[in-house]
Amino acid sequence: MLIVREVKDPRVAAAGLLTITRVRLSKDGHRADVLVSFLSDSARVVDGALGALVKMAGYLRGEVARRLGVNRAPEITFVHDTSAELVARIENLARGGSE
């Protein structure tokens, strides 16, 4: 909800529905890789949305720490999760489609 309410960058909105598919927290808790997918299939639009999220990462980290009442939240890295696209390609090939 933090991303939905706080990130007002039009590049994120242009990418369509943003879904956090997974969060990988490092063992020491200092880093969090946030895997995200977008409704848009345009690489340019997705790259713009990721750039906007990267730009907001420091702010979001501070908000996470404040809202959780902790002194330090993990560094946030946003990663485009393409696993759904890969699954769709595999399903298409399995049905006899072409790439």
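Q: Which handedness does the β-α-β unit made by strand 2, helix 3 and strand 3 have?
A: Strand 2, helix 3 and strand 3 make a right-handed β-α-β unit, where right-handed means that, with the strands pointing away from the viewer, the path from the first strand over the helix to the second runs clockwise. The helices (H or I, at least four residues) and strands (E, at least two) are DSSP runs, numbered from the N terminus.

Q: What should I keep in mind about the model itself?
A: This is a predicted model, in which local features need pLDDT of at least 70 and side-chain atom pairs count only at pLDDT 80 or more, while totals for chains, interfaces and linings use all residues. Residues are numbered from 1 along each chain as its sequence is written, and side-chain values use heavy atoms, with hydrogens and water left out.

Q: OK, how many helices and strands does the protein have, and in what order do the elements run?
A: The protein has 4 helices and 3 strands, and from the N terminus on they follow the order α-α-β-β-α-β-α.

Q: How do strand 2 and strand 3 run, and how many bridges join them?
A: They run parallel and are joined by 6 bridges, with two strands counted as paired if DSSP finds at least two bridges between them.

Q: Is strand 2 mostly covered or mostly open?
A: Strand 2 is mostly covered, since 7 of its 8 residues are buried, where buried means under 20% relative accessible area, exposed means over 50% and partly exposed is in between (1.4 Å probe, protein chains only). Across the protein, buried residues make up 30% of the 99 residues.

Q: Which residues have the most contacts inside the largest nonpolar core?
A: Those are Val36, Phe38, Leu53, Leu60 and Phe78, in a core of 18 residues. A nonpolar core here is a set of buried Ala, Val, Leu, Ile, Met, Phe, Trp, Tyr and Cys residues joined through side-chain atoms within 4.5 Å. Two or more residues each come from helix 1 (2-6), strand 2 (31-38), helix 3 (43-68) and strand 3 (75-80), and helix 3 gives the largest share, 8 residues.

Q: What does Phe78 touch?
A: Not counting residues up to four places away in sequence, Phe78 touches Ile3, Val34, Val36, Leu50, Leu53, Val54, Ala57 and Leu60, a contact being heavy atoms within 4.5 Å.

Q: Switching topic, where does Ser40 lie, and is it buried or exposed?
A: Ser40 lies in the loop between strand 2 and helix 3 and counts as buried at 16% relative accessibility. Leaving aside neighbours within four places in sequence, Ser40 is in contact with Ala15, Val45 and Val46.

Q: How many salt bridges are there?
A: The count comes to 7 salt bridges, each defined as a side-chain nitrogen of Lys or Arg within 4 Å of a carboxyl oxygen of Asp or Glu. Asp9 forms one with Arg11, the closest N and O atoms being 2.9 Å apart, and Arg11 is partly exposed, with a relative accessible area of 35%.

Q: Which parts does the Asp81 and Arg22 pair tie together?
A: The salt bridge between Asp81 and Arg22 has its closest N and O atoms 3.8 Å apart. Asp81 lies in the loop between strand 3 and helix 4 (83-94) and Arg22 in strand 1 (residues 18-25), so the pair ties together parts that are 59 residues apart in sequence. Asp81 counts as buried at 8% relative accessibility, whereas Arg22 counts as partly exposed at 40%.

Q: What about Arg24 and Asp33, how far apart are the closest N and O atoms?
A: The closest N and O atoms of the Arg24 and Asp33 salt bridge are 3.9 Å apart; Asp33 is buried, with a relative accessible area of 11%. Elsewhere, salt bridges that share partners join Glu6, Glu63, Arg66 and Arg67 into one network.
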